[in-house]
Amino acid sequence: MRIETPLARVRGLGSAKEGTEHWWMQRLTAILLVPLGLWFVAEMWLLVMRGADHAALVDWLQGPVAATLLILFSGAMFYHLKLGLQVVIEDYVHHKPKKWALLIGLSLGCLIAGATCVYSIIAIALKG
Amino acid sequence: MDKASTSKGGGHSRRPLSPHLQVYRPQLTSVLSILHRMTGVFLASGAAMLCCWLLTAAAGPDYYAWSIWFLTSWAGYALLFIWSFCLFYHLCNGVRHLFWDIGIGFSLRATYNSGALVVGASLGLTGLSWAIGLAVYFSG
């Protein structure tokens, strides 16, 4: 028995075949982001207490734990962000050229932003 | 059959459709559901800010001053406050989703209770975070 609609059969699309990976990675990054998100907020307040100037930020990021956790936080965040916004675009944007332009922009934007964060953190951590 | 009852993607299939969302009275469950998505989308701008903040810091104190100028403006403080609420809400409701994923809390009663808990927890965490942060900042 076929459970797809006649139109879907004609279009030959079928299932996307990659839903599990998307769903799983969204959960995996979410689990990682729960403690990291709370840690990040706490660290931001501690940084504000120390003046939040450039010297205080450099001093904080030159500890190995802070730099590693912030790399993990920004990496998991931009991955999670990409997966989340991808679904939002797929749900609301039905004009195909616009949809694909947004999806490509989202993927590349998150990749560039994530790489920028990782580079910046390492650059600050190793500057001393 | 009238046009409204034909499925958009199914071509000539004539299955009934549920009415549009605006027809229904807003409920805690549906409002929290769309709020999860809205806070998620808004947090993307916070992620962009984090990226700019780190990049300017890596570029040196002169560039870092731009980030500090923006973040300590009225718009910056307002954004930081909204970002903090969005983060706590998205985090708390995200944990609610993770419990659903392992099959816990699916009854109607549990769904409403966990929803109320998420609202209370996210408002509480936002208030607590700013209260502690500002108290320590002004005392030290």
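I call a residue buried if 20 or more other C-beta atoms lie within 10 Å of its own, exposed if 12 or fewer, and partly exposed in between, with C-beta atoms placed from the backbone.

**Ground rules.** This is a predicted model, so local features need pLDDT of at least 70 and side-chain atom pairs count only at pLDDT 80 or more, while totals for chains, interfaces and linings use all residues. Residues are numbered from 1 along each chain as its sequence is written, and chains are lettered from A and ligands numbered from 1 in the order in which they are written.

**A:Ala52.** I looked up its surroundings. A:Ala52 is partly exposed, with 19 other C-beta atoms within 10 Å. A:Ala52 sits in the loop between H2 and H3 of chain A (helices, H or I, of at least four residues, and strands, E, of at least two, are DSSP runs numbered from the N terminus). Its phi is near 55°, positive although the residue is not glycine.

**H4(A) and H5(A).** I checked how helix H4 (residues 64-92) and helix H5 (residues 96-125) of chain A pack. Their angle is about 175° and their axes are 10 Å apart (axes are lines fitted to C-alpha atoms, for helices over the stretch in contact; angles run from 0 to 180 degrees between N-to-C directions). That makes H4(A) roughly antiparallel to H5(A) (under 35 degrees is roughly parallel, over 145 roughly antiparallel, 65 to 115 roughly perpendicular, the rest oblique). Among the contact residues are A:Phe78 of H4(A) and A:Ile121 of H5(A) (contact: C-beta atoms, placed from the backbone, within 7 Å). By class, the contact has 16 nonpolar, five polar and two charged residues (Ala, Val, Leu, Ile, Met, Phe, Trp, Tyr, Cys and Pro are nonpolar; Asp, Glu, Lys and Arg charged; the others, Gly among them, polar).

**Core.** Which residues touch the most other members of the largest nonpolar core? I found A:Ile121 and B:Leu54, in a core of 32 residues (a set of buried Ala, Val, Leu, Ile, Met, Phe, Trp, Tyr and Cys residues joined through C-beta atoms within 7 Å). H2, H3 (54-61), H4 and H5 of chain A and H1 and H3 of chain B each supply at least two residues of this core. B:Leu54 touches A:Cys117, A:Ser120 and A:Ile121, leaving out residues up to four places away in sequence.

**Interface.** I counted 31 residues of chain B in contact with 29 of chain A. H1(B) gives the largest share of the chain B side, 12 residues. That side holds 19 nonpolar, 10 polar and two charged residues.

**H3(B).** The buried residues of H3(B) include B:Phe88 and B:Tyr89. H3(B) is followed by B:Gly103, with a positive phi near 85°.

Terms used:
Contact = placed C-beta atoms within 7 Å.
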